[in-house]
Amino acid sequence: MENTAKKLPANLSIRGDLLREAKERKINLSQTLEERLEEILREQNRQAWLEENRDAIRAAGDFVSRNGLWSDGLRRF
């Protein structure tokens with residue numbers, strides 16, 4: 001899914017050797033940075049969600065440990 005958010009200019013500093021090699025290999029720096037930032041932000045959001053919901057997740061696990069799942073009597077495996 002492509003994001004249609006407006007692109008903004010950004011000033012960056014990057015090691016010269018990396019920039020030269022990326023240009024030699026025709027790597028699209030803007031696209032590469034966007035993709036990697038999306039990965040980093042997705043993982044940070046996931047970690048934040050897990051932290052914010054840690055108590056509820058633990059409580060749900062404790063409940064299932066004590067009471068089992070509603071489908072326990074229906075499963076055949």
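User: Which helix does Leu37 lie in?

Analyst: Leu37 belongs to helix H2, which covers residues 29–52. Please note that this is a predicted model.

User: Is Leu37 buried, partly exposed or exposed?

Analyst: Leu37 has a relative accessibility of 41%, so it counts as partly exposed. It is also one of the members of a nonpolar surface patch, together with Leu12, Leu33, Ile40 and Leu41.

User: How much accessible area does that patch have?

Analyst: Taken together, the five side chains named, Leu12, Leu33, Leu37, Ile40 and Leu41, account for about 440 Å².

User: What about the overall fold? How many helices and strands are there?

Analyst: The chain has three helices and zero strands. In sequence order the pattern is α-α-α. The radius of gyration is 23 Å, whereas the globule rule gives 11 Å for 77 residues, so the chain is more spread out than a compact globule.

User: What box do the C-alpha atoms fill?

Analyst: Along the principal axes, the C-alpha atoms occupy a box of roughly 60 × 30 × 30 Å.

User: And what share of the residues counts as buried?

Analyst: Of the 77 residues, 3% count as buried. The chain exposes about 7,900 Å², and carbon and sulfur atoms supply 54% of that area.

User: Turning to confidence, what is the average pLDDT of the chain?

Analyst: The average is 93, and 96% of the residues score at least 70.

User: Where is Lys6, and how far in space is it from Leu50?

Analyst: Lys6 is in the segment before H1.

User: Which residues meet Asp55 in salt bridges?

Analyst: Arg54 meets Asp55 in a salt bridge, at 3.9 Å from N to O. Arg58 also meets Asp55, at 3.8 Å. Arg58 and Asp55 both lie in helix H3, three residues apart, or about one turn of the helix. Salt bridges with shared partners join Glu51, Arg54, Asp55 and Arg58 into one network.

User: How exposed are Asp55, Arg54 and Arg58?

Analyst: Asp55 is exposed, with a relative accessible area of 52%. Arg54 counts as partly exposed at 35% relative accessibility, and Arg58 counts as partly exposed at 48%.

User: Why does the span of H3 agree with what its residues should give?

Analyst: Helix H3 has 14 residues (residues 54–67), and at 1.5 Å a residue these should span 20 Å. The C-alpha atoms at its ends are 20 Å apart, so the two values agree.

Notes. Residues numbered from 1 in each chain as written. Predicted model: local features only at pLDDT ≥ 70, side-chain atom pairs only at ≥ 80, totals over all residues. Heavy atoms only, no water. Helix = DSSP H or I, 4+ residues; strand = E, 2+ residues; numbered from the N terminus. Expected span 1.5 Å × (residues − 1). pLDDT = per-residue confidence, 0-100. Patch = residues over 30% accessible without salt bridge, like charges linked within 9 Å, V, L, I, M, F, W, Y side chains within 5 Å. Areas by Shrake-Rupley, 256 points an atom, 1.4 Å probe, with all protein chains shown as cover. Salt bridge = Lys/Arg side-chain N within 4 Å of Asp/Glu carboxyl O. Buried < 20%, exposed > 50% of the residue type's maximum accessible area, 1.4 Å probe, protein only. Rg over C-alpha atoms; globule rule 2.2 N^0.38 Å.
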